[in-house]
Amino acid sequence: MSDNDEADKITQLPHEIYDLALAEIIQNNVNDDDYEIVYSAGSGKGDNYIGIVFRVEVKSKNKNFSIIVKLPPQELARREQFFVRPCFLRESQFYDDVLPMYKKFQEDKGIDLQKDGFNQIPLCYKSMTEDPYEALFFEDLKAAGYEMYDRFENLTKEHVLLTMKALAKMHAVCYAIKDQQPELI
């Protein structure tokens, strides 16, 4: 059974350490102790090469809340083949260290993050870096109307332009920090 097949048939995450992290996130975001959790695949088969993506929907009478959980493959051979640990460590470092620095720099410059700033990033609720239990817990952008783009379809000009604008903002912030506060980089 492949990792993606496992994602389709789960009733909990593959290790207790992930469930504990999930419980902490739920406690911080759902103001209700009486809730139901529904697990499903967070993406289609073959969409992810170095991670298994789960969608976790939390349903309570007060609030419905959805989280995307990105975990490394559990199989040692796949972890080694795709250099999973270094990739998860870099992605965790971006969400834990780099993105907060970018946000603070923009706010200090008076940039309205929602209107003009670099903010085209999902909220990361938690990252875990303990080997072999790396994980990333994200806001589910599907709730905001976003969908995974079909990788077998050609990109439209509009998709490319949106991507290039977001990348341009990210690099502009990085270069501004390098220029104005090089000690941070």
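**View 1. Arg79, Arg85, Asp131 and Glu134 join in a network of salt bridges.** A salt bridge here is a side-chain nitrogen of Lys or Arg within 4 Å of a carboxyl oxygen of Asp or Glu. This is a predicted model, in which local features need pLDDT of at least 70 and side-chain atom pairs pLDDT 80 or more, while totals for chains, interfaces and linings use all residues. Residues are numbered from 1 along each chain as its sequence is written, and side-chain values use heavy atoms, without hydrogens and water. Asp131 pairs with Arg79, with the closest N and O atoms 3.1 Å apart. Asp131 sits in the loop between E4 and E5 and Arg79 in helix H3 (residues 76-81), so this pair ties together parts 52 residues apart in sequence. Helices (H or I, at least four residues) and strands (E, at least two) are DSSP runs, numbered from the N terminus. For Arg85 and Glu134, the closest N and O atoms are 2.8 Å apart.

**View 2. Asp140 and Arg55 meet through their side chains in a salt bridge of 2.6 Å, N to O.** The two are 85 residues apart, with Arg55 in strand E2 (residues 52-60) and Asp140 in the loop between strand E5 (135-139) and helix H5 (157-180). Both Asp140 and Arg55 are buried, meaning under 20% relative accessible area, with exposed over 50% and partly exposed in between (1.4 Å probe, protein chains only).

**View 3. Ser66 is found in strand E3 (residues 64-71).** Is Ser66 buried or exposed? Ser66 counts as buried because its relative accessibility is 17%.
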